[in-house]
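This briefing covers one protein model, with notes grouped by topic. Please look over the sequence and the structure before reading on.

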Amino acid sequence: MKAESTNLEGKDTRIRLKWSPDFLYVAFVCTDNDVFCTRTRGHDEDLHNEDVCEIFIDGTGDSRQFIEIQTAPSGENLDKIYVYSADVSSGPDGRVLEPIRSRDCWGFLEWDMEGLVTAASTNSAGWCAEMAIPAKFVVKRRGASQFSSGMELRANFVRYDHDMQPSGKRNFVQQNWFPVIVGNPHNSPACMGRLILK
């Protein structure tokens with residue numbers, strides 16, 4: 001993964017992908033000697049304030065509709081769909097222009113992705129987050145219900161890490177598959193990479 005910060009000692013992140021016609025399977029394998037998860041946050045709560053792995057996925061690549069899924073070390077998840085009611089224009093930093101973002105972006109946290117499965121586990125080396133993402137929600141705007149070989153999706157894979165410092169404060173580090181401004185992967189759909197199913 002590419003990272004916003006160089007303070008990543010002992011913070012390797014590997015992503016493994018598989019797919020079937022009905023699901024995209026994603027595993028984040030995170031090296032971490034300080035997994036920060038209070039296990040007090042529930043479904044669709046602010047998981048990003050602790051360690052979390054996220055995927056952003058756009059089934060058409062036009063940035064008009066995309067999905068965010070988060071999985072915490074506890075296995076708890078967040079699923080959200082973003083819809084733009086206007087064409088999306090981005091600035092040089094990759095973020096959607098402010099007038100469009102504030103006026104035409106609709107994020108629906110109450111939306112639930114039926115069939116989504118997430119899990120997580122911790123070990124002596126760190127933690128792992130796994131997601132099984134149903135195809136029918138990702139490719140619906142293409143007029144499809146399943147993934148197929150050669151299909152191109154847009155996606156970004158993000159890890160948030162909150163590492164304890166000697167000062168007693170936690171240092172926030174964001175890693176991305178494709179670079180985005182820290183704290184803004186949800187505001188940067190045009191920065192998603194190209195994911196081709198083979």
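The side chain of serine 188 has a polar atom 2.8 Å from the backbone oxygen of asparagine 184. This falls under the term polar contact: a pair of N or O atoms within 3.5 Å, where, within protein, one must be able to donate a hydrogen and the other to accept it, and residues adjacent in sequence count only if both atoms are side-chain atoms. The model is predicted: local features need pLDDT of at least 70 and side-chain atom pairs pLDDT 80 or more, while totals for chains, interfaces and linings use all residues. Residues are numbered from 1 along each chain as its sequence is written, and side-chain values use heavy atoms, with hydrogens and water left out.

**Serine 188 and strand 12**

- Serine 188 sits in the loop between strand 11 (170-176) and strand 12 (193-196); strands (E, at least two residues) and helices (H or I, at least four) are DSSP runs, numbered from the N terminus.
- Serine 188 counts as buried because its relative accessibility is 1%; buried means under 20% relative accessible area, exposed over 50%, and partly exposed in between, with a 1.4 Å probe and protein chains only.
- In a regular strand the side chains alternate between the two faces of the sheet.
- Strand 12 runs antiparallel to strand 10 (residues 152-164), and 4 bridges join them; two strands pair if DSSP finds at least two bridges between them.
- Glycine 193 in strand 12 is the bridge partner of alanine 155.

- Strand 2 and strand 3 run antiparallel and are joined by 7 bridges, with a hairpin of 3 residues connecting them.
- Valine 29 in strand 3 is the bridge partner of arginine 14.
- Strand 8 pairs with strand 9 (residues 126-134) in the antiparallel sense over 7 bridges, and alanine 119 stands opposite glutamate 130 in strand 9.
- Alanine 27 belongs to strand 3 (residues 23-31) and is buried, with a relative accessible area of 14%.
- Alanine 27 and alanine 129 lie 102 residues apart in sequence, but 5.6 Å apart in space, C-alpha to C-alpha.

**The largest pocket**

- The largest pocket has a volume of about 220 Å³.
- On a 1 Å grid over the protein atoms alone, a pocket is an open set of points where a 1.4 Å probe fits, with protein on both sides within 12 Å along at least five of seven lines, and lining residues have an atom within 4 Å of a point.
- Grid points are joined across faces, edges and corners, and the volume is the space filled by probe spheres set on them.
- Its lining has 15 residues, of which His48, Glu68, Gln70, Lys80 and Tyr82 lie nearest the centre.
- Strand 5 (65-71) and strand 6 (77-84) are the elements that give two or more residues to this lining, and strand 6 gives the most, with 3 residues.
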